[in-house]
Amino acid sequence: AEGRRAARELCREALRGLDARATAASGGAKQRLEERWVATTFGRIRIWRYRVKGANGSFHPLDRTIGLSQAEASPALREATCDLATRIPYRQVAEVVSRLTGEPIGHQSTWRILQTEGARIRTEEGQLVHSVFDNGQAPPDIGPSPELVVVEADGAYVAAQREEGDRFEIKTGVFYTGKAPAGGRRHRRWKL
């Protein structure tokens with residue numbers, strides 16, 4: 001408990017300094033200092049950060065800088081919750097997170113965190129797909145282009161049960177940049 005208290009104090013001071021830098025770099029006019037609660041991996045903390053008026057409206061530079069959503073959970077707590085939820089049920093996630101943070105959290109809160117993160121990821125992936133397939137723009141952070149990209153696609157017809165038609169096609173495809181032997185005595189196997 002004492003370690004969590006010290007971590008909350010340290011985090012609050014670090015965020016105060018980060019808010020000052022983010023506010024100065026935002027280029028907007030400071031409006032007012034506003035309070036906010038944030039649930040972290042070491043408990044809930046109350047922080048104050050500036051609201052800034054910019055060309056596109058008012059916002060909190062600190063929230064943008066560290067990735068705080070409108071929900072109370074910090075990015076690290078959201079990540080930990082999502083990671084746990086892929087392994088154990090929501091009620092058990094809530095118990096583990098409550099024990100970790102020292103704060104009560106319900107299974108419905110873990111469910112909401114997962115729904116919010118899932119929606120965020122779907123939106124980001126949708127924007128990426130739109131950028132690549134509709135605008136023809138590669139994402140800026142994909143790194144160097146590979147020398148070779150192989151595309152393989154195949155399909156199979158399957159008999160339909162209780163469907164409109166009597167058969168339908170299942171399609172699959174894979175993209176890879178090379179392959180290496182992966183063993184196999186009778187049949188050679190490859191690792192993509």
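1. Strand β5 (residues 167-176) lies largely in the open, because the number of buried residues among its ten is one. Here buried means under 20% relative accessible area, exposed means over 50%, and partly exposed is in between, with a 1.4 Å probe and protein chains only. Strands are DSSP runs of E with at least two residues, helices are runs of H or I with at least four residues, and both are numbered from the N terminus. The model is a predicted one, in which local features need pLDDT of at least 70 and side-chain atom pairs count only at pLDDT 80 or more, while totals for chains, interfaces and linings use all residues. Residues are numbered from 1 along each chain as its sequence is written, and side-chain values use heavy atoms, with hydrogens and water left out.

2. The partner of β5 is strand β4 (residues 150-159), to which ten bridges join it in an antiparallel arrangement; two strands are taken to pair if DSSP finds at least two bridges between them. Strand β4 is itself hardly covered, since the count of buried residues among its ten residues is zero.

3. Within β5, K171 counts as exposed, at 65% relative accessibility. Leaving aside neighbours within four places in sequence, K171 is in contact (heavy atoms within 4.5 Å) with D154 and G155. K171 and G183 are twelve residues apart in sequence, and their C-alpha atoms are 28 Å apart in space.

4. In the loop between α5 and β4 sits A138, which is exposed, with a relative accessible area of 56%.

5. Eleven bridges join β1 to β2 (residues 43-54), and E34 stands opposite R49 in β2.

6. A polar atom of the T40 side chain lies 2.5 Å from the backbone oxygen of G43. Not counting residues up to four places away in sequence, T40 touches I45, S74, L77 and T101.

7. Two packed helices are described by the angle between their axes and the distance between the axes. Helix α3 (residues 75-85) and α5 pack at about 100°, with their axes 9 Å apart, and are therefore roughly perpendicular to each other; angles of 65 to 115 degrees count as such, those under 35 as roughly parallel, those over 145 as roughly antiparallel and the rest as oblique. In this contact R78, T81, C82 and A85 of α3 meet T110, I113, L114 and E117 of α5. By class, the contact of α3 with α5 has four nonpolar, two polar and two charged residues, where Ala, Val, Leu, Ile, Met, Phe, Trp, Tyr, Cys and Pro count as nonpolar, Asp, Glu, Lys and Arg as charged, and the others, Gly among them, as polar.

8. Helix α4 (residues 90-101) also packs on α5 at an angle of about 100°, with axes 8 Å apart, and α4 and α5 are therefore roughly perpendicular to each other. The contact is made by Y90, R91, V93 and A94 of α4 with H107, T110, W111 and L114 of α5. Its residues divide into five nonpolar, two polar and one charged.

9. A last point concerns E117, placed in helix α5 (residues 107-134). E117 is buried, with a relative accessible area of 10%. A polar contact of 2.8 Å joins its side chain to that of R120; the term covers a pair of N or O atoms within 3.5 Å, where within protein one must be able to donate a hydrogen and the other to accept it, and residues adjacent in sequence count only if both atoms are side-chain atoms. Beyond its neighbours within four places in sequence, E117 is in contact with R78 and C82.

Key:
Axes fitted to C-alpha atoms, helices over the stretch in contact; angles between N-to-C directions.
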